[in-house]
Amino acid sequence: MTRAFVFPGQGAQTIGMGKALAEAYPAAKAVFDEVDEALGEKLSNLIWEGDIADLTLTQNAQPALMATSMAAMRALEAEGVAVTDAAFVAGHSLGEYSALAAAGALSIADTARLLRTRGQAMQSAVPVGEGAMAAILGLDLEAVRAVAEEAAQGEVCQAANDNDPTQVVVSGAKAAVERAAEIAKEKGAKRAVMLPVSAPFHCALMQPAADVMAEALAAVEIKAPAVPLIANVRAEAVSDPDLIRQLLVEQITGSVRWRESVLYMAAQGVTETWEIGAGKALSGMIRKIDRAIAGKAVGTPDDVQNMVKSES
């Protein structure tokens, strides 16, 4: 059986995530301690006992979700499961950073600081209320690209996340995204849902954030990952540190090609994915993309134990 480890993106956050892992595994607790130290604040208190509105702020959600994913990874490692037991790692948007940390390409401390910077830069790139994102359900990528082009009318409107065959997210100027939602329904979309996000991610409006991240990424060491990363913007495996650095910058304004990434995994013989961290959103998408891939979520001590038992 060929396996990939996949790492969730924003939206998976919940208060209390990772707490049971930290209580059950010293190595998992050490992850949260390292993230707290790297950021100079007790992010772990917010994650475990805070307010969901504060946790959902992009600058908090991004390092928090990475910390939870890495806690789950360290718990697996404590039970004898290594990242090299997977053929690939991949992550959805910020999850790409978690994947690189899991594969040893980035240190946890650097990853936490990069994601804090990324969250702040993405939030400040566009004034609140000027950008938006909408999930278009029931149209494929090409149809949504046509919708976005028609809706743009001189403003930015792009297909931002190609999540699965039934869901593509558009991002851009608020008025253009609202037009896209209406046009999509006219073109046969089952639904068009405005997303509760604070900025229009993965579109050209994020260029100021890409510039910030180019500078931030230039200042950190990136090693070759222990297993190849399937990059969001390429939907193929990469291992070269300089290329990874470049693609992480491109990812800020580029589309998350998740559907194609999963199809690439399948073409390379992947038959099982382990979703490492909070939630099960990626496993649901993977099921819609290729039912032959078994998606399993690993976010609690029980999940870790179950996976270890299934290995023996």
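Student: At what angle do H8 and helix H9 (residues 174-186) pack?
Tutor: Keep in mind that this model is predicted. The axes of H8 and H9 are 8 Å apart. The two helices pack at an angle of about 130 degrees.

Student: Is H8 roughly antiparallel or oblique to H9?
Tutor: Use the cut-off. Angles over 145 degrees count as roughly antiparallel, and 65 to 115 as roughly perpendicular. The angle of H8 with H9 is about 130 degrees. That angle makes H8, relative to H9, oblique.

Student: Which residues of H9 make the contact with H8?
Tutor: Start on the H8 side. There the contact is made by Val147, Glu150, Ala151 and Ala152. Across from them, H9 gives Ala176, Arg179, Ala180, Ile183 and Ala184.

Student: How many residues of the contact of H8 with H9 are charged?
Tutor: Sort the contact residues by class. Nonpolar residues number 7, and there are no polar ones. Glu150 of H8 and Arg179 of H9 are both in the contact, and Glu and Arg count as charged. The charged count is 2.

Student: At what angle do the axes of helix H7 (residues 108-125) and helix H10 (residues 207-218) cross?
Tutor: The axes of H7 and H10 come within 8 Å. They cross at roughly 160 degrees.

Student: What does that angle make H7 relative to H10?
Tutor: Angles over 145 degrees count as roughly antiparallel. The crossing of H7 and H10 is at roughly 160 degrees. So H7, relative to H10, is roughly antiparallel.

Student: How many residues of the contact of H7 with H10 are nonpolar?
Tutor: H7 brings Leu114, Thr117, Arg118, Ala121, Met122 and Ala125. H10 meets them with Pro208, Ala209, Val212, Met213, Ala216 and Leu217. One residue of the contact is polar and 1 is charged, while the nonpolar count is 10.

Student: Is the crossing of H5 and H6 left-handed or right-handed?
Tutor: The axes of H5 and helix H6 (residues 95-102) come within 9 Å and cross at roughly 35 degrees. The crossing is right-handed.

Student: Which residues in H6 meet H5?
Tutor: On the H5 side are Met66, Ser69, Met70 and Met73. The contact of H5 with H6 has 5 nonpolar residues, 2 polar and no charged. In H6, the partners are Ser98, Ala101 and Ala102.

Student: What volume does the largest pocket have?
Tutor: The largest pocket is lined by 30 residues. Among those nearest its centre are Gln10, Asn161 and Leu195. By class, its lining has 15 nonpolar, 14 polar and 1 charged residues. The volume is about 710 Å³.

Student: How many polar residues are in the lining of the second largest pocket?
Tutor: About 170 Å³ of space lies in this pocket. Of its 16 lining residues, the closest to its centre include Met17 and Thr300. The lining has 5 nonpolar and 3 charged residues, and its polar count is 8.

Student: Which element gives the largest share of the lining of the largest cavity?
Tutor: About 50 Å³ of space lies in that cavity. Its lining includes Leu141, Arg145, Ala159, Ala160, Asn161 and Asp162. Helix H8 (141-152) is one of the elements that give two or more residues. The largest share, 4 residues, comes from E4.

Technical notes: Residues are numbered from 1 along each chain as its sequence is written. This is a predicted model: local features need pLDDT of at least 70, side-chain atom pairs count only at pLDDT 80 or more; totals for chains, interfaces and linings use all residues. Side-chain values use heavy atoms; hydrogens and water are left out. Axes are lines fitted to C-alpha atoms, for helices over the stretch in contact, and angles run from 0 to 180 degrees between N-to-C directions. Angles under 35 degrees count as roughly parallel, over 145 as roughly antiparallel, 65 to 115 as roughly perpendicular and the rest as oblique. Contact means heavy atoms within 4.5 Å. On a 1 Å grid over the protein atoms alone, a cavity is a set of points where a 1.4 Å probe fits but cannot get out, and a pocket is an open set with protein on both sides within 12 Å along at least five of seven lines; lining residues have an atom within 4 Å of a point. Grid points are joined across faces, edges and corners, and a volume is the space filled by probe spheres set on the points. A crossing is left-handed if the near helix is turned anticlockwise from the far one by less than a right angle, and right-handed if clockwise.
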